Amino acid sequence: MDFNSSLRIAATGMHAQTARMRVIAENIANADSAGKAPGDEPYRRRVPTFQSHFDAEVGGRVVEIGKLANDMSDFTSRYEPGHPAADESGYVQYPNVNTLIETVDMREAQRSYEANLNVVTVTRQMLGRTLDLLRG
Amino acid sequence: MGLMDMPVFSALSDKMRWHQTRQGLLAENVANAETPGYRGRDLAQYNFADRLQAMSSASVSTTATQPMHFSISSGDGAIGAQTMANFELTPEGNGITLEDEMMKVTTNMMDYQAATSLYQKSVRILRVAMGKNV
C-alpha cells in the first residue's frame with residue numbers, strides 16, 4: 001500500500017460524501033412536495049447507504065455509496081382545505097422529510113468530507129517529504 | 001555497497017514503509033467511518049527490535065497466480081493490519097471516531113517527517129565523510 005492508494009481511498013470517501021450531499025439536497029428541496037391530486041403520494045424521503053469493498057487495483061478497502069433506500073416512515077399531514085391535494089376532511093399529505101434531521105446529516109457529511117480532505121492534505125505532505133529525500 | 005546495505009538506511013526506510021502502510025489504513029478508516037459493519041484497522045506499534053528479525057530472516061513467499069490471490073511474503077518485512085480494539089462503538093457499528101483518526105493521521109505524518117529528516121541527515125553525514133561541502 002503506497003501513498004497513491006491512500007490518496008485514492010480518501011478520494012472515494014469524498015466522492016461518497018458528495019453523493020450523500022446530493023441525496024440530502026434532494027430531500028430538503030422536496031420537503032414540501034405534496035401530491036397533485038387527493039390520494040397522491042407525496043415525495044418520499046430517501047436515505048443513502050454506504051458500502052465498503054476491497055478494491056484490488058487500489059489495494060485497500062474503498063467506500064462507495066450503495067442503494068438509495070426509501071424511508072418508509074409515516075407522512076405528515078397538514079390541515080389545508082384549500083390545497084388541490086386535500087382529501088375530504090381537508091388534510092394534505094406532506095413528505096416525511098424533517099429539515100432538522102437533514103441539516104444534521106448535512107453537517108455530518110461536511111465533517112466527514114473535511115476529514116477525508118485532511119487525509120489527502122497530510123498524505124501529500126508526506127509524499128512531499130519523500131520527494132525531498134531526492135534533494136539530499 | 002549500496003545505500004540500503006547500511007543498517008541506518010534500511011531501518012529508516014523500513015520505518016517509512018510502515019508509516020506509509022499505516023497512512024493507507026487510516027485513510028480506509030476515515031473513508032469508511034460511516035459504513036455500517038466496517039471494523040477499523042490499524043498497525044501494531046513499530047518496534048525496531050522485532051522488525052530487525054523480519055528484515056533479515058530468510059523469506060518464503062507465495063506467488064499470486066490469479067488476480068484474487070493475495071501475495072503474502074512473511075520474511076519480506078510484510079506489515080500486517082489488525083483490527084482496532086476500541087471499546088467505543090458508534091451507531092454505525094464500527095469503532096471509528098473521526099477525531100481519533102485525525103490524531104493518528106497527524107501523529108503518523110510527524111513520525112514520518114522525523115524518519116525522513118533522520119534519513120536526510122544520514123545522507124548529509126555521508127556527504128561530509130566524502131569531503132563534500134554540505
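A polar contact is a pair of N or O atoms within 3.5 Å; within protein, one must be able to donate a hydrogen and the other to accept it. The model shown in these views is predicted.

**View 1. Chain A meets chain B.** Across this interface, eleven residue pairs are in polar contact, both partners at pLDDT 80 or more. On the chain A side, α1 (3–29), β2 (50–55), β3 (60–65) and α2 each supply at least two of the touching residues. Helix α2(A) gives the largest share, 14 residues. By class, this side of chain A has twelve nonpolar, 13 polar and seven charged residues. In total, 32 residues of chain A are in contact with 32 residues of chain B. The size of an interface is often given as the accessible area lost when the parts come together. Here the two chains bury about 2,700 Å² between them. Carbon and sulfur atoms carry 63% of that area.

**View 2. A salt bridge links the two chains.** The partners are A:Arg20 and B:Glu34. Their closest N and O atoms are 2.4 Å apart. The rule finds one salt bridge across the interface of chain A and chain B.

**View 3. Helix α2 of chain A runs beside helix α3 of chain B.** The view shows residues 99–132 of chain A and residues 98–129 of chain B. The two axes come within 10 Å and cross at roughly 5°. Angles under 35 degrees count as roughly parallel, so α2(A) is roughly parallel to α3(B). From α2(A), the contact residues include A:Arg111, A:Ala115, A:Val119, A:Val122, A:Met126 and A:Arg129. From α3(B), they include B:Leu98, B:Met102, B:Val105, B:Met109, B:Tyr112 and B:Thr116. By class, this contact has nine nonpolar, nine polar and three charged residues.

**View 4. The α1 helices of chains A and B pair up.** Helix α1 of chain B spans residues 7–31. Its axis and that of α1(A) come within 8 Å and cross at roughly 5°. The two helices are therefore roughly parallel to each other. A:Phe3, A:Ser6, A:Ile9 and A:Gly13 make the contact from α1(A). Their counterparts in α1(B) are B:Gln20, B:Gln23, B:Gly24, B:Ala27, B:Glu28 and B:Ala31. This contact has four nonpolar, five polar and one charged residues.

**View 5. A salt bridge within chain A joins a strand and a helix.** Over all chains, the whole structure holds 17 salt bridges. One of them is formed by the side chains of A:Arg46 and A:Glu26, at 2.6 Å from N to O. A:Arg46 lies in strand β1 (residues 46–47) and A:Glu26 in helix α1, so the pair ties together parts that are 20 residues apart in sequence.

Conventions. Residues numbered from 1 in each chain as written. Chains lettered and ligands numbered in written order. Predicted model: local features only at pLDDT ≥ 70, side-chain atom pairs only at ≥ 80, totals over all residues. Heavy atoms only, no water. Axes fitted to C-alpha atoms, helices over the stretch in contact; angles between N-to-C directions. Helix = DSSP H or I, 4+ residues; strand = E, 2+ residues; numbered from the N terminus. Parallel < 35°, antiparallel > 145°, perpendicular 65-115°, else oblique. Contact = heavy atoms within 4.5 Å. Nonpolar A, V, L, I, M, F, W, Y, C, P; charged D, E, K, R; others polar. Buried area = accessible area lost by both parts, 1.4 Å probe. Salt bridge = Lys/Arg side-chain N within 4 Å of Asp/Glu carboxyl O. Polar contact = N/O pair within 3.5 Å; in protein donor to acceptor, adjacent residues only side chain to side chain.
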